[in-house]
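This report describes selected parts of one structure. Please look at the sequence and the model before reading on.

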Amino acid sequence: MGKHAARRGVARPAVFAFLLLGLPALVAAGIVVVRGDGWSALAPGRAACGQKIKVVAASSFAPVLAALAPDLAKADECVRMDIVVADGRAAPDTVRQTSADLWIPDDTSWVGTAPDLDLARLGPENTIGVGGAGTVVADSPIYMVTDAPTATKLRAAGDSWLALANLLDTDPGVRLAVREPGTSGDGMVGAGSMAETIWEGQGMDASAQVLSRAYTKTRTVRGGALALPEKPGEVGLVAEYALVPQLSKLGPDGAVLAGTDWRVSLRYTWFPTNAALADEGRAAALGRLLDALATQDGSAAIAAAGLRTPRSDEPDEPPPGAEQLPALAGKQMPYLGAHHVDHVLATWYAEDRQTDLLVVVDVSGSMDDPAPGSDQSLIRLVAEGCAQLENLLPDDSRLGVWEFGAQLDPPRDHRELLPAESLTASHRKATAEVCDGLKTHSNGTKLYETILAAYKSAQDNARKDVPNRVLIFTDGRNQDAGSKLTLPGLTAQLAALADEERPVSLSVVVFGDAEATKGSSAELEKALEPAQGYVDTLATASEVSAVFIHVAAGGLHG
């Protein structure tokens, strides 16, 4: 397996300058199938090769495979490729529909969007898996392209991806341009990595909030065009393979930054299917293709496509024309996990925010306390965040609101303020009114009983293939000395209710100092384990709004 890891290669620039004629236009029209059977138009009369593999590849990597196809097809142990071009979130369906043997997406992160594909997966701690799964066969750094004055702002703010995220959040003059994230790794990885810098330092709620606000200042480039800046103040995120041919067009006022905190790159990754690896002939053919990508010819084909060949022993060499670009940071941005990709896609596509959500709000007296760093009470901040939901969720979502305390609707400790229904115009109006009317009026907090009741309600009303979430806001205290439901009892009840056919995402948001509530929050989260529950502790007022944006962008589980 070791020979299938990233290897060193020496480029031969002339022989593999071949590119697929008209590929961008064909890709824009849909899926392109290219027969890699020795390219009979170039070699008429050649005998057919018996061993065939089907490869789904990103459009920017398909030229590499096309360049290698003739020699692979005429080798003693020949390999014939059917190359199917598919990008972005459409690629997993293409892998499934074509019964592909191999998928090479333009970034490792895409694999998280396809959990149901029968792919060979990465090994422990993201090591190379069976059949070379997870091998990065090429990469392409992403740069920030802008005008000179905006570049000066970015450098003054830290010359980093974090600086870009912060300026987008605070400077009205700085805007963003990205390729459509759902159809390109360029857009998904660029926007996602920028948000990831916030996640690293401030957590997932803040990351979702910054990404949401950045989206309102973003020009999304569709149809395969590049995200080069068009106006002063705009920062375009462009991958190296696409940027190099455009460098001469940037003009004297153009500027390119790499970011000094992270090296952000597309990583073209090798994912064979388990079915292919189980077949001796196809597994051997895949091994020969992976070996070919690591040869001198493979390196030449990668360079001719404008990509870099990853090397584990020394910094990789830039492809022709990229020498003038700024130096890259030494620290590689980790690939985005599935939940992180969900944030990006849910930010760009309202339909991805479809969810059935039950919001449950503690109305005990302590919720009248002022939020840290704010003159507003906790209950008012929750009310304002709750009201945002009707703008964040699409029509086919369902939204319900409960309040809870002690004996609000005897014998129940919660009261339904808004039934969980689809977000019609009337239900949106009702949501805004109910959220605005939230106020404290209870002397107790029967937290455990309410968690259990909300979980049961969500489970009973579950819809197939629609995310089902419960979001509870509380001071974190279970104020009921006479309660028969203890934490161990709650755990046992949730374990008995757990149903894979009706999953519920259960999140409890606790207000208070993180250190002061650390013990009780940890105990509560442990009690929620049978429901895969999550406890999020908020310490500042600004985090409340971020929670609501985060839950709309994919829930609180990270």
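## Basis of the description

The model is predicted: local features need pLDDT of at least 70, side-chain atom pairs count only at pLDDT 80 or more, and totals for chains, interfaces and linings use all residues. Residues are numbered from 1 along each chain as its sequence is written, and side-chain values use heavy atoms, with hydrogens and water left out.

Helices (H or I, at least four residues) and strands (E, at least two) are DSSP runs, numbered from the N terminus. Two strands pair if DSSP finds at least two bridges between them.

In S12, Gly400 is the bridge partner of Leu358. Six strands form an open sheet with mixed pairing, in the order S13-S12-S11-S14-S15-S16. The edges are strand S13 (412-422) and strand S16 (534-538); each has a single partner strand, so one side of each is left without a neighbour in the sheet. From one strand to the next, the twist averages 20 degrees.

Helix H13 lies across S11, S12, strand S14 (468-474) and strand S15 (505-511), and runs at about 165 degrees to S11. Axes here are lines fitted to C-alpha atoms, for helices over the stretch in contact, and angles run from 0 to 180 degrees between N-to-C directions.

## Two packed helices

Two packed helices are described by the angle between their axes and the distance between the axes. Helix H13 (residues 378-392) packs with helix H14 (residues 425-436) at an angle of about 175 degrees, and their axes are 8 Å apart. H13 is therefore roughly antiparallel to H14. Angles under 35 degrees count as roughly parallel, over 145 as roughly antiparallel, 65 to 115 as roughly perpendicular and the rest as oblique.

On the H13 side, the contact is made by Arg380, Ala383, Cys386, Ala387, Glu390 and Asn391. On the H14 side, Arg428, Thr431, Cys435 and Asp436 take part. Contact means heavy atoms within 4.5 Å.

## Strand S5 and its partners

Strand S5 (residues 135-147) is mostly covered, with twelve of its 13 residues buried. Buried means under 20% relative accessible area, exposed over 50%, and partly exposed in between (1.4 Å probe, protein chains only). S5 runs antiparallel to strand S10 (residues 265-272), and six bridges join them. Within S10, Ser265 is the bridge partner of Pro141.

Four bridges join S5 to strand S8 (residues 234-239), also in the antiparallel sense. Another strand, S9 (residues 254-257), is antiparallel to S5 and joined to it by four bridges. Met144 has Leu237 as its bridge partner in S8 and stands opposite Leu257 in S9.

## Val256

Val256 lies in strand S9 and counts as buried at 17% relative accessibility. Val256 and Val145 are 111 residues apart in sequence, yet their C-alpha atoms are 4.6 Å apart in space. Leaving out residues up to four places away in sequence, Val256 touches Tyr143, Met144, Val145, Arg155, Leu243, Leu247, Leu250, Leu325 and Pro326.

Is strand S3 (residues 80-85) enclosed or open? Six of its six residues are buried, so S3 is largely enclosed by the rest of the structure. Arg80, Asp82 and Val84 are buried on one side, and Met81, Ile83 and Val85 on the other. S3 pairs with S2 in the parallel sense over six bridges, and Val84 in S3 is the bridge partner of Val56.

## Aromatic rings

Rings of Phe, Tyr and Trp (its six-membered ring) pair if their centres lie within 6.5 Å; planes under 30 degrees apart count as stacked, over 60 as edge-to-face and the rest as tilted. By this rule there are three aromatic pairs. One of them is Phe61 with Tyr268, stacked at 5.7 Å centre to centre with 25 degrees between the planes. Phe61 lies in the loop between strand S2 (52-57) and helix H2 (62-74) and Tyr268 in strand S10, so the pair ties together parts that are 207 residues apart in sequence. Phe61 is buried at 0% relative accessibility, and Tyr268 is buried at 0%.

Tyr215 and Trp348 form an edge-to-face pair, 5.0 Å centre to centre with 70 degrees between the planes. Tyr215 lies in helix H7 (residues 204-215) and Trp348 in helix H12 (residues 338-348), so this pair links parts 133 residues apart in sequence. Tyr215 is partly exposed at 31%, whereas Trp348 is buried at 6%.
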